[in-house]
Amino acid sequence: MRAVKVTYYKKAFFLLLAAIFFLTLSACTKKDKTNRKNQQDNSFESDRLILGFSQIGSESAWRTRNTQSIFEAAEENNVQIIFDDAQQKQENQLKAIRSFIVYQVDVIAFVPIVETGWDNVLTEAKEAGIPVIVVDRQIDADESLYAGFLGENGFEEGYSAAFFLTQKCKNRNSRINIVEFSGTENSSVATERANGFRSLIQTDPKFYIVHSEDGDFLRSRGKEMMDRILRDNRGLYLNGEPIDVIYSHNDSMTLGLLDSLEENGISSRNVIIISIDAEQKCIDALVAGKLNCVVECNPNLGPTLMELVKKIHTGEEIPRVTYMHESIFTENDDFSTYSPRGY
């Protein structure tokens with residue numbers, strides 16, 4: 001009886017060992033397959049060029065389209081994007097760029113909120129061997145710290161706005177009062193659009209900029225500024241003088257001031273309005289006779305950015321400045337030739 005009992009325990013013991021062996025083997029096999037799969041996945045990802053991209057925000061349809069264009073082009077070019085939305089704060093962009101450096105991305109691109117304050121972080125990127133492309137807005141920094149700039153020519157945009165105005169008013173001899181809704185303070189594009197505009201109108205003494213105010217490129221600020229002017233002056237006046245022209249640095253602020261005029265029962269046809277960006281809503285307003293001129297700022301720079309990113313990744317030099325092609329839309333156009341803007 002004792003021998004039978006011992007034999008039984010021995011069999012049970014060996015069966016238990018066998019079960020443990022097969023479970024361990026199965027687990028190891030599964031783990032090995034998982035490791036091989038992860039290695040394959042990591043190998044696939046490592047073959048893709050990685051771009052760290054910091055956008056300033058999503059304050060307008062233009063900005064949203066700008067971001068979409070970059071993502072679409074990245075997908076077409078097999079470029080992986082690590083994206084950051086700075087929410088209109090430079091400190092967020094500085095953190096994002098430093099995180100890109102830690103992650104060791106291949107290339108960094110960013111849309112600078114303001115012109116200054118980038119030297120330290122760009123030095124860190126250079127020391128890490130990561131090239132940087134400045135997008136949409138220019139910066140005031142040592143040019144050796146970044147590879148190049150891609151975006152609009154803000155000076156030419158402002159000049160084009162002024163050229164339309166001078167042509168429209170070439171037969172007027174009386175004083176022409178201009179109110180300027182400026183973009184974000186210390187942003188290159190606001191400075192350039194202001195300088196380009198002034199470079200032409202200052203050649204004719206009948207043009208006066210009677211008021212210029214920072215609207216931060218926001219629709220809400222455009223409405224707020226126009227509301228205040230109308231309320232404090234009881235109409236399209238400033239300090240007792242009629243407002244003849246409103247020059248707005250972007251479509252969002254323009255749409256805001258149109259909202260204000262409509263709410264206050266004032267026709268936009270009583271003033272010359274010039275805007276920059278060429279979003280669909282402002283082109284529609286131009287066709288409806290609510291605006292007089294819209295200067296395009298092309299947001300679709302994704303394909304060009306990817307070309308520059310790939311070149312710089314392979315060690316090629318890129319141009320210091322690459323400008324996008326841009327058009328001008330005016331009240332004198334044949335509107336039937338217009339194509340949908342897509343943003």
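## Cysteines

Cys169 is buried, at a relative accessible area of 1%. Buried means under 20% relative accessible area, exposed means over 50%, and partly exposed lies in between (1.4 Å probe, protein chains only). Cys282 is buried too, with a relative accessible area of 0%. The count of disulfides is 0, where a disulfide is a pair of cysteine sulfur atoms within 2.5 Å.

## Basis of the model

The model is predicted: local features need pLDDT of at least 70, side-chain atom pairs count only at pLDDT 80 or more, and totals for chains, interfaces and linings use all residues. Residues are numbered from 1 along each chain as its sequence is written, and side-chain values use heavy atoms, with hydrogens and water left out.

## Chain overview

The chain has 10 helices and 14 strands. These are DSSP runs, numbered from the N terminus: helices are H or I with at least four residues, strands are E with at least two. The chain holds 343 residues, and 48% of them count as buried. Take the contacts between residues at least 6 apart in sequence: 74% of them join residues at least 24 apart. Contact means heavy atoms within 4.5 Å.

## The parallel sheet

An open sheet is built from 6 strands, in the order S2-S1-S3-S4-S5-S13, with parallel pairing. Its edge strands are S2 and S13 (321-323), each pairing on one side only. Two strands pair if DSSP finds at least two bridges between them. On average, neighbouring strands of this sheet are turned by 20° against each other, direction ignored. Axes here are lines fitted to C-alpha atoms, for helices over the stretch in contact, and angles run from 0 to 180 degrees between N-to-C directions.

S5 (residues 148-151) runs parallel to S13, and 3 bridges join them. Gly151 stands opposite Tyr323 in S13. Strands of a sheet pair through backbone hydrogen bonds, either parallel or antiparallel.

## Helix H3

H3 spans residues 90-103, which is 14 residues. From first C-alpha to last it reaches 20 Å, close to the 20 Å expected at 1.5 Å a residue. The expected span is 1.5 Å times one less than the number of residues. Gln93, Leu94, Ala96, Ile97, Phe100 and Ile101 are buried in H3. They sit on the same side of H3 because they cover an arc of only 165° around the axis. The arc is taken from the directions between the helix axis and the C-beta atoms. On the other side, Lys95 and Val102 are exposed.

The buried residues of H3 pack against S1 (49-55), S2 (79-85), S3 (107-110) and helix H4 (119-127). H3 lies across S1, S2 and S3, at about 170° to S1. Gln104 follows H3, with a positive phi near 60°.

## Helix H10 and its loop

H10 (residues 302-313) lies across S1, S2, S3, S4 (132-136), S5 and S13, running at about 130° to S1. The loop between H10 and S13 contains Gly315. Gly315 counts as exposed, at 60% relative accessibility.

## Thr254 in helix H8

Thr254 is found in H8 (residues 251-263). Thr254 counts as buried, at 0% relative accessibility. Leaving out residues up to four places away in sequence, Thr254 touches Ser248, Ile273, Ser275, Cys282 and Leu291. Among these, Cys282 is itself buried.
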